[in-house]
Amino acid sequence: MPEEDVPMLDSSPQPAAPPPAAAAAPAVSTVHHLKEIAALIEAGSLSKEVRRVSRAVRLTVVLRRRIAARDVSAFIAFALPASSDAYARLSALLPKEDDTEMDVDAAAPATQISIKHGLPEIEIYCYLLVLIFLIDQKKYDEAKACANASIARLKNLNRRTVDVLASRLYFYYSYVYELTNSLAEIRGNLLALHRMATLHRDELGQETLLNLLLRNYLHYNLYDQAEKLRSKAPRFEAHSNQQFCRYLFYLGKIRTIQLEYTDAKESLLQAARKAPTAALGFRIQCNKWAIIVRLLLGEIPERTVFMQKGMKKALTPYFELTNAVRVGDLELFRSVADKFAITFSADRTRNLIVRLRHNVIRTGLRNISISYSRISLADIAKKLRLDSKDPVADAESIVAKAIRDGAIDATIDHANGWMVSKETGDVYSTNEPQIAFNSRIAFCLNMHNEAVKAMRFPPNSHKEKESAEKRREKLQQEEELAKHMAEEDDDDF
């Protein structure tokens, strides 16, 4: 838990009041927190422990809402030598503020010596901190300059302790160009960085850059190029749960456009299930696409899907769309599509909703075949509300296709212009229950296999047992890591 959340002593009456000399300690400044993070990165760099660097990144995300320009300037002066190129470049990008407003670092001694050992990790962290601050302040031109400088510096580094910081820089590098609607400018750079990460065996960088490239292609609707890249890129090992969730989401979108609805549904549902609870916006997008895919498969999502906590308002257009498809009312479907046209366009699902028209007609036809043993094609066209020039001919072709696809069990009497429905048989005499049961078994087995793969075992468990002191130290580190992971802010989804 961040130190600022710890309740401080106040002037309220206490059972055992401390002596006047023991006054409440002043609040720890943001600069002091940044210095602690830098010390954590330094320790991780010297001991080559990537987990400490990862923890430092998470602490920065938690702290970012409190960071001001004076804090960043003070930290840059503390962490970088004044004669370095990085210090001159970053200082020029920061806005100038009055020095008299700078926080007093009461927790740090006045004689504290800055850590200016020239560590690449500290330098890259300074780039990351300044880039995040500039993005939060909406200074996108300065953020672009900072991102370009940081990427140029990263190309000269090949250290595993830098990989975590580099992956975050890659993300914000792409993010700032996306905010300025100029993603196409960096596509070549991202491809070059992905090649470099592959050669350096930077697995986290490969995952991050692959997702950024897929997002880049999908932003411009280049689905074929995205699929070619995905199929030829190194296998995705899922070292980061966040990157794996993004990859599944992009894969689901590609599969949907390619009409592979079954695979798309599995990827989208898995992405929504694996995503952190705090990533509400990401889970909403996954559910929107999953609902459309299920409707295209002929399924009707359960009502509980639309009633999830925090999603009810965002999924309302898709709930009304689902209701129109379930009823099979073509006129209602048209009105819903027109009513929420802006929302569907913003979600980039409008083209998929156009595909649903045939499903609506098929559902309405199935309801008609169940209700009537014999009905004329003219009445079918009237009930389906077909607005073509020759609705009877269109109804005949629609009925014929539905019969051929097995959607309805009926025949067409061309002489009299009738559709004659056959008697409904026992569904348990067909293969439908077996198919449904088999799909549920496959889903459970797949989930079990994923859970087994995600399990973590103690390192070197087959070797000699560790000493009690080392075991205690590792247990303490794991507890601290779990505590900070619980506080992690996943708003970058």
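**Close-up views of a predicted model**

**Figure 1. Surroundings of Tyr-170 in the predicted model.**

**Figure 2. The largest nonpolar core, with 130 residues.** Seen again in this view is Tyr-170, one of the residues that touch the most other members of the core. Phe-75, Leu-154, Leu-321, Phe-333, Ile-380 and Met-419 belong to that group as well. Helix α5, residues 120-136, gives the largest share of the core, with 13 residues. The core lies between domain 1 (30-94 + 116-219) and domain 2 (372-425), because both give residues to it. In soluble globular proteins, nonpolar side chains tend to be buried together.

**Figure 3. An open sheet of three strands.** The strand order is β1-β3-β2, and the pairing is antiparallel. Strands β1 (374-376) and β2 (410-413) stand at the edges; each has a single partner strand, so one side of each is left without a neighbour in the sheet. From one strand to the next, the twist averages 20°.

**Figure 4. Pairing of β1 with β3, and the helix packed on the sheet.** Three bridges join β1 and β3 (residues 418-421) in the antiparallel sense. Ser-376 has Trp-418 in β3 as its bridge partner. Helix α19, residues 377-384, packs on the sheet and touches both β1 and β3. The direction of helix α19 makes about 80° with that of β1.

Key: Residues numbered from 1 in each chain as written. Predicted model: local features only at pLDDT ≥ 70, side-chain atom pairs only at ≥ 80, totals over all residues. Heavy atoms only, no water. Pairing = 2+ DSSP bridges. Helix = DSSP H or I, 4+ residues; strand = E, 2+ residues; numbered from the N terminus. Axes fitted to C-alpha atoms, helices over the stretch in contact; angles between N-to-C directions. Contact = heavy atoms within 4.5 Å. Core = buried A, V, L, I, M, F, W, Y, C linked by side-chain atoms within 4.5 Å. Buried < 20%, exposed > 50% of the residue type's maximum accessible area, 1.4 Å probe, protein only. Domains from an automatic or database assignment. Lists of a residue's contacts leave out its neighbours within four places in sequence.
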